Amino acid sequence: MSTYYSYIYEDTRNAQCLEVKEGNIVYNSISNPSTTNKLRANKHEGYFDFDYKINKYHIISAKYTFTDNCHHSDNDQQLYRRYQPEQTPLLISREGHNHYDVIEHTASVFYQMRCRKWHLSSEATYNTYSEKNRYSYNESQGYSTDNVLNNFRHSFLFSMEVDREIVNVGNLKTGCRVFHRKYKSDNVNSDEVFDSKQNRVKLYFNISRRFSNKLSGNIGLTMEHIRSKSPSYDNEKQIIWGGNITLLYGQWGDKFRFDINYKSTTSYPMLYHL
């Protein structure tokens with residue numbers, strides 16, 4: 001069993017002075033030393049995991065990780081701005097605020113069983129991700145905005161694989177992989193909502209065999225069913241077939257090797273990219 005926790009706190013304040021001029025004419029200037037950029041950040045992260053051996057055949061493991069990353073920044077300025085050379089400079093106040101918060105939790109359970117010529121492994125993982133970003137800016141002589149963007153993701157993964165050695169046949173490996181993901185993004189100001197779902201079910205098997213000390217090979221087949229739903233398409237379904245075949249011949253140790261290999265598969269981003 002092991003556990004870990006980390007906390008980082010940051011508080012930064014910067015004073016800023018600015019002068020933009022053309023010749024002897026100053027168009028923009030910030031001379032007030034109280035003009036500041038402030039940043040406050042808090043980050044919590046940690047994990048907890050353990051392994052438990054039930055007996056010599058069965059092992060169970062579990063792991064939980066979390067991250068809470070929060071940033072808040074303020075940018076307050078007072079500046080003098082001149083649009084025309086003959087114009088009297090205007091005193092302009094600008095305020096910018098940004099609040100960004102990301103919270104992520106992942107919980108996993110693993111199981112392994114070894115008994116004689118059987119080997120079974122299984123995994124179940126649940127992940128939830130929440131991102132909130134609010135940005136506001138206001139200028140006394142012009143532009144202003146207040147924008148709130150929220151992103152949420154929930155995903156679940158289950159996989160199981162069985163490995164069995166069969167006399168006069170070879171090594172048989174078969175398994176399944178089930179993945180579900182739900183993603184939602186909304187913009188509070190524009191009432192825009194993007195909502196998508198995806199389910200993937202993958203079945204596969206592979207047989208490998210050593211025919212002699214010099215010749216070995218394997219062959220496998222994969223079938224994956226994908227069902228997706230989003231504003232762009234409704235209940236799109238597809239089936240993807242894949243496979244592999246390999247033939248390996250070796251002679252005189254590592255001095256001579258001959259390989260024939262074909263493989264067709266589908267890869268996906270890691271969990272934190274989804």
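**Entry 1: aromatic rings**

I began with F66, which is partly exposed at 23% relative accessibility. I note here that the model I am reading is predicted. F66 forms an aromatic pair with Y64, and I recorded this pair as stacked, with 6.1 Å centre to centre and 25° between the planes. The pair counts as stacked because its planes are under 30 degrees apart. Y64 is likewise partly exposed, at 34% relative accessibility. I then found that ring pairs link Y5, Y64 and F66 into a cluster.

I next asked how many aromatic pairs there are. The count comes to five aromatic pairs. Among them is the pair of F48 and F50, which is tilted, with 6.4 Å centre to centre and 45° between the planes. F48 is partly exposed, with a relative accessible area of 36%, and F50 is partly exposed with 32%.

**Entry 2: the nonpolar patch**

I looked up which residues form the nonpolar patch on the surface. They are M1, F48, F50, Y52, I54 and Y64, and together they have about 650 Å² of accessible area. Strand β4, residues 36-53, gives the largest share of this patch, namely three residues. I placed Y52 in strand β4 and recorded Y52 as partly exposed, at 49% relative accessibility. F48, at 36%, and Y64, at 34%, can belong to the patch because its residues need over 30% relative accessible area.

**Entry 3: salt bridges**

Side chains of opposite charge can pair when their charged atoms come close. I counted four salt bridges in the structure and wrote up three of them below.

The side chains of D74 and R40 meet in a salt bridge at 3.8 Å, N to O. D74 lies in strand β5, residues 58-81, and R40 lies in strand β4, so this pair ties together parts that are 34 residues apart in sequence. I recorded D74 as buried, at 11% relative accessibility, whereas R40 is partly exposed, with a relative accessible area of 29%.

E104 forms a salt bridge with R153, and their closest N and O atoms are 3.4 Å apart. This pair links distant parts of the chain, with E104 in strand β6 and R153 in strand β8, residues 144-166, 49 residues apart. E104 is partly exposed at 21% relative accessibility, whereas R153 is buried with a relative accessible area of 3%.

The side chains of E224 and R200 also meet in a salt bridge, at 3.8 Å, N to O. E224 lies in strand β11 and R200 in strand β10, residues 192-210, so the pair ties together parts that are 24 residues apart in sequence.

**Entry 4: the positive patch**

I searched the surface for gathered positive charge and found a patch made of K182, K184, K197, R227, K229 and K237. The elements that give two or more residues to this patch are β9, residues 170-187, and β11, residues 215-229. K237 lies in strand β12, residues 236-251, and K237 is exposed, with a relative accessible area of 55%.

I found R116 in the loop between β6, residues 90-115, and β7, residues 118-139. R116 is exposed, with a relative accessible area of 85%.

Terms used
Residues numbered from 1 in each chain as written. Predicted model: local features only at pLDDT ≥ 70, side-chain atom pairs only at ≥ 80, totals over all residues. Heavy atoms only, no water. Patch = residues over 30% accessible without salt bridge, like charges linked within 9 Å, V, L, I, M, F, W, Y side chains within 5 Å. Areas by Shrake-Rupley, 256 points an atom, 1.4 Å probe, with all protein chains shown as cover. Lys, Arg positive; Asp, Glu negative; His and termini not counted. Charge placed at Lys NZ, Arg CZ, Asp CG, Glu CD. Helix = DSSP H or I, 4+ residues; strand = E, 2+ residues; numbered from the N terminus. Buried < 20%, exposed > 50% of the residue type's maximum accessible area, 1.4 Å probe, protein only. Phe/Tyr/Trp six-rings, centres within 6.5 Å; stacked < 30°, edge-to-face > 60°.
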